[in-house]
Amino acid sequence: MMQEISFDTIRQYGNIELLAKQMVEGFITGLHKSPYHGFSVEFAEHNLYNPGESTRHIDWKVYARTDKLFTKRYEEETNLRAMIVLDRSLSMYYPDKTYDKMAFSTMAAASIAYMLQKQRDAVGLCTFSDDLEEMTQVKSTRTHLHQIFVKLQQMLEKAPPQGETHIAKVLHQVAETIHKRSLVIIFSDMMGQMGNRDEMFAALQHLKHNNHEVLLFHVADHSTELQLDFPERPFVFVDVETGQKEKLRPSQVKDQYEKTIQDLYHDLNVKCGQYKIDYVEVDSKKDIDQIILPYLIKRQRMR
């Protein structure tokens, strides 16, 4: 399993689709050996057997191989519908040149899309910056999945967008556009409307009000964006959303900055708890397992 995903890593590897498959298969292999082996999904074909169910559909070959009881799944079973919502605002391209947050979120989105399709779930992709940029259909075919990979690859190759982000406006649009109950998976640093949190919270509540399940991955570079961990010397700090610049030493603003960020994280955590939204803090410098395991837990709960 690759421990850190950067723009250079993806560019050197050359193919998001193959890299996503490698990550997911590596994760599943590790899952078989971990305390979470209950999530060891026999991807497209099976469900875990529940005591009391008919034994007629137990796959005894899988039992012989894994020492676990699985029942065979069939095409007509109702599967999940999922829309992956990816923030492509300028702040997601931090740090400059390496684009770590964007690269990490793109690969996490690709990995979850791959898992959804392998489990015969339907998946769509929505991207936004200052406005809704793209919203695909929600399908479960391999051809559709490949198109999503192509769009993700193209997105990384585009220049970062300019202008402020309007997360609330986009989430309201997503809530109104998706007509069937779905799992909405959001990747965002949630920095576009820090000064107007009520509007952002109202948009999240709108998704829940329309009967969607929501999984929010709050992405940040924790060491620098949460803890302002920079050497003690003068820096020019730039608000990437507004372009405002300030020259100062980190110690001059560290306490106030950390309090502001902690308040945002606390408020998001509390509101998501109230709305029954799954909220996951994600460090873009850590392993992608921190994305995949919460997704699997959420998916299992929706079954």
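Visitor: What kind of model is it, and how are things counted?
Guide: It is a predicted model, where local features need pLDDT of at least 70, side-chain atom pairs count only at pLDDT 80 or more, and totals for chains, interfaces and linings use all residues. Residues are numbered from 1 along each chain as its sequence is written, and side-chain values use heavy atoms, with hydrogens and water left out.

Visitor: What is the average pLDDT of the chain?
Guide: The protein chain averages a pLDDT of 83, and 85% of the residues score at least 70; pLDDT is the predictor's confidence in each residue, from 0 to 100. Over residues 36-44 the pLDDT is below 50, although this stretch has 32 contacts in the model beyond near neighbours in sequence. A contact means heavy atoms within 4.5 Å. Where pLDDT is low, the predicted coordinates should not be read in detail.

Visitor: And how many helices and strands are there?
Guide: The protein chain has 10 helices and 10 strands. These are DSSP runs numbered from the N terminus: helices are H or I of at least four residues, and strands are E of at least two. Of the 303 residues, 50% count as buried, that is, under 20% relative accessible area, with exposed over 50% and partly exposed in between (1.4 Å probe, protein chains only). Among contacts with a separation of 6 or more, residues 24 or more positions apart account for 74%.

Visitor: On to the sheet: what is the strand order?
Guide: An open sheet is formed by 6 strands in the order 5-4-3-6-7-10, with mixed pairing. Two strands pair if DSSP finds at least two bridges between them. Strand 5 (132-135) and strand 10 (278-283) are the edges, each pairing on one side only. Direction ignored, neighbouring strands of this sheet are turned by 15° against each other on average.

Visitor: Which strands does strand 6 pair with?
Guide: Strand 3 (residues 81-87) runs parallel to strand 6 and is joined to it by 5 bridges. Within that pairing, alanine 82 has leucine 183 as its bridge partner, and methionine 83 has valine 184. Strand 6 also pairs with strand 7 (residues 213-220) in the parallel sense, over 6 bridges; there, serine 188 is partnered by histidine 218.

Visitor: Is strand 6 buried or exposed?
Guide: Strand 6 (residues 183-188) is mostly covered, with 6 of its 6 residues buried. In a regular strand the side chains alternate between the two faces of the sheet. Here Leu183, Ile185 and Phe187 point one way, while Val184, Ile186 and Ser188 point the other way, and all are buried.

Visitor: What joins strand 4 to strand 5?
Guide: A hairpin links strand 4 to strand 5 through 3 residues. The two run antiparallel and share 3 bridges, and cysteine 126 stands opposite methionine 135 in strand 5.

Visitor: Where does threonine 127 sit, and what does it touch?
Guide: Threonine 127 lies in strand 4 and counts as buried because its relative accessibility is 6%. Not counting residues up to four places away in sequence, threonine 127 touches Leu86, Leu132, Glu133, Glu134 and Met155.

Visitor: Now the helices. How do helix 4 and helix 5 pack?
Guide: Helix 4 (residues 100-118) and helix 5 (residues 142-157) pack at an angle of about 180°, with their axes 10 Å apart. Helix 4 is therefore roughly antiparallel to helix 5, a label for angles over 145 degrees; under 35 counts as roughly parallel, 65 to 115 as roughly perpendicular and the rest as oblique. Axes are lines fitted to C-alpha atoms, for helices over the stretch in contact, and angles run from 0 to 180 degrees between N-to-C directions.

Visitor: Which residues meet there?
Guide: From helix 4, Met102, Ala103, Thr106, Ala110, Ala113, Tyr114 and Gln117 meet Arg142, Leu145, Phe149, Leu152, Met155 and Leu156 of helix 5. The residues of this contact divide into 10 nonpolar, 2 polar and 1 charged. Nonpolar covers Ala, Val, Leu, Ile, Met, Phe, Trp, Tyr, Cys and Pro, charged covers Asp, Glu, Lys and Arg, and the others, Gly among them, are polar.

Visitor: Which strands do these two helices lie across?
Guide: Helix 4 lies across strand 3, strand 4 (122-128), strand 6, strand 7 and strand 10, and runs at about 170° to strand 3. Helix 5 lies across strand 3, strand 4 and strand 5, at about 20° to strand 4.

Visitor: Last one: what is alanine 203 in contact with?
Guide: Leaving aside neighbours within four places in sequence, alanine 203 is in contact with Ala168, Leu171 and His172. Alanine 203 is found in helix 7 (residues 197-209), and its 0% relative accessibility is why it counts as buried. Its C-alpha atom is separated by 8.2 Å from that of alanine 175, 28 residues apart along the chain.
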